[in-house]
Amino acid sequence: MNAVEVRGLSRSFNGRDILRDVSFTVGHGEIFGYLGPNGAGKTTTIRILLGLLAPGSGEVRVLGSDLAADDDARARVGVLFENNGFSDRMSAADNLAYYAGLYGIDDPAERVDELLALVGLTDRRDDPVGTFSTGMKRKLGIARAILHRPEVVFLDEPSSGLDPGAQRMVRDLIVELSRREEMTVFLNSHHLDEVQRICSTVAILAGGRIRAFDSVANLTAASGRPAVTVALAGAGDRAYEAVKSLPYVTGCDVDGDRLHCTLADPAATPDLVAALVGAGFRIEEVRRSSRSLEEIYLEHVGQREGGA
Amino acid sequence: MSTFAVIARREIRLAFRNRSALIAGLIFAVWFPVMTVLGIAASAGEDMAAITAGIATVTLPVGVFMGYLFCADAFLREKRDGSIETLLCAPVSLRRLWEGKAAGVAVPAYLMSLVSAVVAIAAVSTLASAPVAAEPLLLLHLAAVVPVWILAAAGLIGAAQLALGMRENQILGFALIFGFIFLIVALQGVVPGLSLTTEAILAAVGLALLALARFIAGKVTKERIVRTIP
């Protein structure tokens, strides 16, 4: 059984289709990235999964349950929306203690202190949350989301509004949680670099439909156009002339002393290197290129926007 | 501790930290009864029954208004800033959430209405030189009728605030509060004075309103709440 299952999910608002036949699964312990432009239907999907909205058609399950109808199952799920869910007038510790009470946590004081230490807010435990920066509130929000040790946690833009240092802290925390607590993480993010770094699987949603759903490794490798970058010790232009007409080179470009070649077959990389060495060029570095998640994302979202 | 108690306790604590609501509430709880009761005392003269009835008359709308005042923080603010969405994901039923919040609103509102009653009694006793005795019916009114009406008001206003959008809430909030006050005035016109019959009728109507609030809250769905978050 998967941690999250979505089958044939559709939903419309006021006659406008927001989700159309969306299907994907998230395995236990995975960090899943859910990507898409604004208005693509990401938050609607999360709301349906959490039982806050009803599906128009199709079926959703989280840990095998329908969260809309199952209060107990909701105790096994954590969530962080764009709003952190705190009262600004209460202290960090009191806000966490409130949720600890709602989730029926044994020994809440110890757990609250443990989490405040985890997110580096121990010295602000008694300060009102209203005095916190955006980043501090976000960290506290993550602490709240995992307070009850959920099996699945839904994070909606967890890094938004954070400085690079805090973004890294959040990223490391998500990876740590997934690894140490075997927590399944459903990450809705616009930070493609962040998603590429930490997610094992991604789905790209555009125009209410899933445009791509695969592991990050497969998506970034499966370009159909294997590419190689060769760094030379000088003579880039001559090397370009030497390789551009080779039969297995489908495209070539030169940037100073760097050659960027696309190959008909990834197995042709040693042949390219041998041809360059044979022609007397000195090679400093050879690197197989793969596409970034950003390129793949823009390709799918661009297709959709171009076709819309 | 039950989730009901957890939610109610938090709302009570938040109400007592809401400085602006407390100040507004205290001003209303002092100014309105003093002005009203002194007016009643001036016209009633030595008629202590009329003065005591006047005090009872004043505390009910004060309590209902306090319920409305504290609802804005417990229900509407959480909806406006979106934090209600996080609460709806907790393993707590929507009904339990509504009950806890309404009870948490009712406690400070009730305390304010008691302050209002004490201030009214003190004002009449000192300024009008008409010492008010601890009339059992007045105590019954304060102990039973007022809290039921406050709970009903907090429950109805809270359910409406959960179910409606921001613009509708602005309109309906005023409509509800004036509806309550109109109903109180109308009932006290039908059965004037402070009597067992008056208290029984007020309590029965209050309980009916509470049942109505509970019924309406049962019809509110999470989808309705989420779709009306601004």
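These legends describe close-up views of a predicted model with chains A and B.

**View 1. Chain A meets chain B.** The contact draws on 30 residues of chain A and 26 residues of chain B. Together the two chains bury about 2,600 Å². Carbon and sulfur atoms account for 55% of that area. A:Leu52, A:Arg89 and A:Tyr98 supply 28% of the area that chain A buries against chain B, more than any other three residues.

View 2. Five salt bridges are found between chain A and chain B. One of them links A:Arg89 with B:Asp73. Their closest N and O atoms are 2.2 Å apart.

**View 3. The side of chain A that touches chain B.** Strand 1 (4-13), helix 2 (71-74) and helix 3 (92-102) of chain A each supply at least two residues of this side. Helix 3 gives the largest share, six residues. By class, this side has 14 nonpolar, nine polar and seven charged residues.

**View 4. An open sheet in chain A.** Three strands line up in the order 2-1-4, with antiparallel pairing. Strand 2 (16-26) and strand 4 (57-62) are the edge strands, each pairing on one side only. Neighbouring strands are turned by 25 degrees against each other on average, direction ignored.

**View 5. Strand 1 pairs with strand 4 in chain A.** The pairing is antiparallel and spans five bridges. A:Val4 stands opposite A:Val62 of strand 4.

View 6. Helix 1 (residues 42-49) of chain A lies across strands 1, 2 and 4. Helix 1 runs at about 115 degrees to strand 1.

Technical notes
Residues are numbered from 1 along each chain as its sequence is written. Chains are lettered from A and ligands numbered from 1 in the order in which they are written. This is a predicted model: local features need pLDDT of at least 70, side-chain atom pairs count only at pLDDT 80 or more; totals for chains, interfaces and linings use all residues. Side-chain values use heavy atoms; hydrogens and water are left out. Contact means heavy atoms within 4.5 Å. Buried area is the accessible area (1.4 Å probe) that two parts lose on being put together, summed over both. A salt bridge is a side-chain nitrogen of Lys or Arg within 4 Å of a carboxyl oxygen of Asp or Glu. Helices (H or I, at least four residues) and strands (E, at least two) are DSSP runs, numbered from the N terminus. Ala, Val, Leu, Ile, Met, Phe, Trp, Tyr, Cys and Pro count as nonpolar, Asp, Glu, Lys and Arg as charged, and the others, Gly among them, as polar. Two strands pair if DSSP finds at least two bridges between them. Axes are lines fitted to C-alpha atoms, for helices over the stretch in contact, and angles run from 0 to 180 degrees between N-to-C directions.
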